[in-house]
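Let's take a walk through a protein model together.

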Amino acid sequence: MNAKEHKTWTIGAILNWTGQYFRDKGVATPRLDAEVLLSHILGRDRLYLYLNYDQPLEPAELAAFREAVKQRALRVPVAYITGHKEFMGLDFIVTSDVLVPRPDTEVLVEAALARLAGVSAPVILDLGVGSGAIIVSLLHRLKAATGVGVDISPGALKVAAANAQKHGVAARLALKQGDLFAPVAGRTFHAIVSNPPYIPDGDLAGLEPEVRHEPRTALAGGADGLDFYRRIVAGAPGHLNEGGFLAVEVGRGQAAAVAGLAAMSGLGVEAVIRDYAGIERVVIMRRDR
Ligand SMILES: C[S@@+](CC[C@H](N)C(=O)[O-])C[C@H]1O[C@@H](n2cnc3c(N)ncnc32)[C@H](O)[C@@H]1O
């Protein structure tokens, strides 16, 4: 992006340049990321870029875009640069205090929705609420539901609160800081949902550069990645209503081990659900009536 090379940078020229630059930096979706960032800076959708290919950028727009490109080249996730990520058709506020919501996690939300549709006023617990992606989506769809979201990170809870407000569910969601079940001692729920940290500690260093920008507390799951499942599955029976269920997202290859934990804690494994890539992604465990 050297001004001497181009007298004026048009939308088309800068997208071509940036796409190539990101490709050279190893970005997985270079052109798409260039478009998303430019749309964000211009406050327009991506279609606008294509319809206005020859429009020159204002100096202020160029400066802001240059800053965004610099960050993306350092492999900062796009969502941290734009401050937004779409999940379950809703626009979530995202900061570097939270994991960027993943499409795979929609499988967990859909599974919980299917099971809660017939419950008149479900009460739901989300352990490791992060941005609020799971519980906010559930409460947004289930108008009579109420929920509790727990997180160890005060920064994450602020983001969850902003998202609950944005999507009109704040009055039905209590957010609590603490360690897993500690803030809900003595309470029971129709459903417990969780996408806990599940990366084996030894795998963290080898992750994609983008993931290493995400909070370690959102990722690290102990030596074998299963530390949180051990605690969640052991604690769930005491926090589920009779007939209630626990739905957890799991990492690749972890479903069988998590199902094994269920047997030990007296929960029945109701289903193991695959994600869009065919990977076993969600384990549903139920407490008997
Ligand atoms: C993988 S992220 C999931 C965030 C969000 N639920 C989602 O699916 O996008 C895990 C979350 O668990 C939180 N966490 C880590 N340790 C915790 C603990 N001991 N108790 C409660 N939350 C914890 C992290 O701060 C992080 O927000």
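We begin inside a helix. Leaving aside neighbours within four places in sequence, Asn163 is in contact with Asp91, Phe92, Ile93, Ser131 and Val136, where contact means heavy atoms within 4.5 Å. Asn163 belongs to helix α8, residues 154–166. Helices here are DSSP runs of H or I with at least four residues, strands are runs of E with at least two, and both are numbered from the N terminus. Is Asn163 buried or exposed? With a relative accessible area of 0%, Asn163 is buried. Buried means under 20% relative accessible area, exposed means over 50%, and partly exposed lies in between, using a 1.4 Å probe and protein chains only.

A word on what you are looking at. This is a predicted model, in which local features need pLDDT of at least 70 and side-chain atom pairs count only at pLDDT 80 or more, while totals for chains, interfaces and linings use all residues. Residues are numbered from 1 along each chain as its sequence is written, and side-chain values use heavy atoms, with hydrogens and water left out.

Now follow the contact from Asn163 to Ser131. Ser131 sits in the loop between β3 (123–127) and α7 (133–141). Which residues does Ser131 touch, not counting those up to four places away in sequence? They are Phe92, Ile93, Val98, Pro101, Val159, Ala160 and Asn163. Ser131 is buried, with a relative accessible area of 4%. A polar atom of the Ser131 side chain lies 3.2 Å from the backbone nitrogen of Ala133; a polar contact is a pair of N or O atoms within 3.5 Å, where within protein one must be able to donate a hydrogen and the other to accept it, and residues adjacent in sequence count only if both atoms are side-chain atoms.

Gly132 lies in the loop between β3 and α7 too. Gly132 is buried, with a relative accessible area of 0%. Leaving aside neighbours within four places in sequence, Gly132 is in contact with Phe92, Ser137 and Ala160.

An unreviewed UniProt entry gives the annotation "binding site" to Gly128, Val129, Gly130, Ser131, Gly132, Asp151 and Asn195. Although these residues are spread over 68 residues of sequence, they cluster in space, with a largest C-alpha distance of 11.5 Å. From this set, Asn195 is part of the lining of the largest pocket. UniProt positions are given in the numbering used here, feature names are shortened, and annotations may be inferred rather than shown by experiment. A pocket is found on a 1 Å grid over the protein atoms alone, as an open set of points with protein on both sides within 12 Å along at least five of seven lines, and lining residues have an atom within 4 Å of a point.

Look next at strand β3, where you will find Val123. Val123 touches Thr146, Arg187, Phe189, His190 and Ala191, not counting residues up to four places away in sequence. Val123 and Ser137 are 14 residues apart in sequence and 14 Å apart in space, C-alpha to C-alpha.

α6 has twelve residues and reaches 17 Å from its first C-alpha to its last, close to the 16 Å expected at 1.5 Å a residue; the expected span is 1.5 Å times one less than the number of residues. How many of the twelve residues of α6 are buried? Nine are, and α6 is mostly covered. Among them are Thr105, Glu106, Val107 and Leu108.

Zoom out now. The domain assignment gives domain 1 (11–74) and domain 2 (84–286), with 34 Å between their centres, taken over C-alpha atoms. These bounds come from an automatic or database domain assignment. Asp24, in helix α1 (residues 11–24), is exposed, with a relative accessible area of 59%. Asp24 and Ile134 are 110 residues apart in sequence and 35 Å apart in space, C-alpha to C-alpha.

Finally, two backbone details. Most residues other than glycine have a negative phi. Arg75, in the loop between α4 (59–73) and α5 (78–82), has a positive phi of about 70° although it is not a glycine. Met88, in the loop between β1 (84–87) and β2 (90–93), has a positive phi of about 50°.

Conventions:
1 Å grid on protein atoms, 1.4 Å probe; cavity = no way out; pocket = protein on both sides within 12 Å on 5 of 7 lines; lining within 4 Å.
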